[in-house]
Amino acid sequence: MPLALAVDQRGILPDEMIGALIRDGAILAEYEFLKDQIQPASLDLRLGEIAFRVRASFLPGPNTTVAERIDDLKLHEIALTDGAVLETGCVYIVPLIESLALPDNIVAAANPKSSTGRLDVFTRVIADGTRRFDMIGAGYHGPLYAEISPKTFPVLLREGSRLSQVRFRTGDAILNADELDALHEAERLVDIDDADLANGVALSVDLSGENTSGFVGYRAKRHTGVVDIDRRSGYAVGEFWEPIPARPDGSLILDPGEFYILASKEAVQVPPDYAAEMVPFDPLVGEFRVHYAGFFDPGFGHDGAGGKGSRAVLEVRSREVPFILEHGQIVGRLVYERMLDRPDALYGQRIGSNYQGQSLKLSKHFKV
């Protein structure tokens with residue numbers, strides 16, 4: 001039976017409904033879908049066979065296709081069939097294996113996968129005729145592309161590599177203030193008594209070192225070797241990262257242009273009937289960016305899915321000037337949304353989840 005949604009339904013589509021979209025032809029692919037592409041509340045997107053290095057990032061805008069803009073801006077083409085290295089400081093556009101033929105009542109939103117963000121690989125999804133990155137409007141029929149720009153490490157990619165994921169939703173599913181208060185009262189979304197729930201659940205940075213053997217994070221090294229995006233536990237931490245010890249005053253100076261992995265002070269959880277997304281805190285409070293990869297799946301940090309005590313890992317980059325972070329400083333907020341239905345498999349259950357129960361943790365590519 002084709003997927004049928006009532007006019008008044010609001011929520012993010014779970015794994016079974018994503019499968020229904022595939023069966024209905026609303027999500028298409030050049031090759032057969034893989035079972036593990038479907039996550040509790042999202043679909044992994046795969047890179048196609050060729051990458052175009054372009055002069056600059058762009059948005060196509062109305063009445064223009066991404067392919068037309070590539071023709072205007074491309075410098076050269078790189079085959080990904082046998083793997084290729086994408087260099088830091090360059091911008092690449094890669095057609096994705098998946099494309100969309102969305103119904104008129106379903107929109108899509110993309111985000112980097114957690115492992116992508118933790119490698120400082122800046123990636124966004126682009127669609128024809130769009131004015132925004134990572135947002136695909138209801139009723140869109142057409143191809144998808146990934147914009148990829150490695151910032152710190154050169155990365156080895158190949159056809160089929162997965163850097164991005166996409167969520168599908170119908171209606172406005174974000175919890176309002178009263179609904180978020182009620183959910184926190186029932187589920188205790190963060191493990192503190194005085195949780196700040198204004199405009200989402202506030203998360204602050206942990207610079208105490210108490211939960212991580214005296215260290216508060218990692219700073220990426222420059223001029224390292226290549227990271228194979230599909231290789232798990234293949235690299236020594238010390239070759240790519242510098243551990244950051246805690247300071248007595250609980251502060252950390254962010255150097256401009258450097259990339260840091262830190263962790264939230266709060267342990268967080270996403271109940272099974274909800275999904276969450278990290279959104280930036282007010283940019284007026286500091287010149288830094290936090291969290292490239294923002295999707296939190298149903299079951300993340302949930303005790304019933306083996307995730308009790310999960311921290312949010314923060315991917316942090318300072319902008320133009322040095323900036324001092326203080327222990328407990330708010331750096332982002334988790335916005336919660338309803339699921340249309342509970343997923344068949346929660347995060348951490350039977351789907352190879354890499355970051356359930358995490359504290360301060362690098363991407364899966366590094367040896368623990």
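Residues are numbered from 1 along each chain as its sequence is written. Since this is a predicted model, local features need pLDDT of at least 70 and side-chain atom pairs count only at pLDDT 80 or more, while totals for chains, interfaces and linings use all residues; side-chain values use heavy atoms, with hydrogens and water left out.

Start with helix H1, residues 15–24. Helices (H or I, at least four residues) and strands (E, at least two) are DSSP runs, numbered from the N terminus. In H1, 7 of 10 residues are buried, meaning under 20% relative accessible area with a 1.4 Å probe, protein chains only. Among them are Asp15, Met17 and Leu21. The buried residues of H1 pack against strands E2 (27–29), E3 (43–46) and E13 (162–170). After H1 comes Gly25, with a positive phi near 85°.

Next, the loop between E2 and E3, where Gln37 sits. Is Gln37 buried or exposed? Gln37 is buried, at a relative accessible area of 0%. Beyond four places in sequence, its contacts (heavy atoms within 4.5 Å) include Leu43, Glu98 and Arg162. The side chains of Gln37 and Arg46 also make a polar contact of 3.2 Å; that term is a pair of N or O atoms within 3.5 Å, where within protein one must be able to donate a hydrogen and the other to accept it, and residues adjacent in sequence count only if both atoms are side-chain atoms.

Last, strand E15, residues 215–220. Strands pair if DSSP finds at least two bridges between them. E15 runs antiparallel to E17 (residues 241–245), with 5 bridges, and Phe215 stands opposite Pro245. E15 also pairs with E19 (residues 259–267), antiparallel, over 2 bridges; there Tyr218 has Ile261 as its bridge partner.

Note on methods:
Buried means under 20% relative accessible area, exposed over 50%, partly exposed in between (1.4 Å probe, protein chains only).
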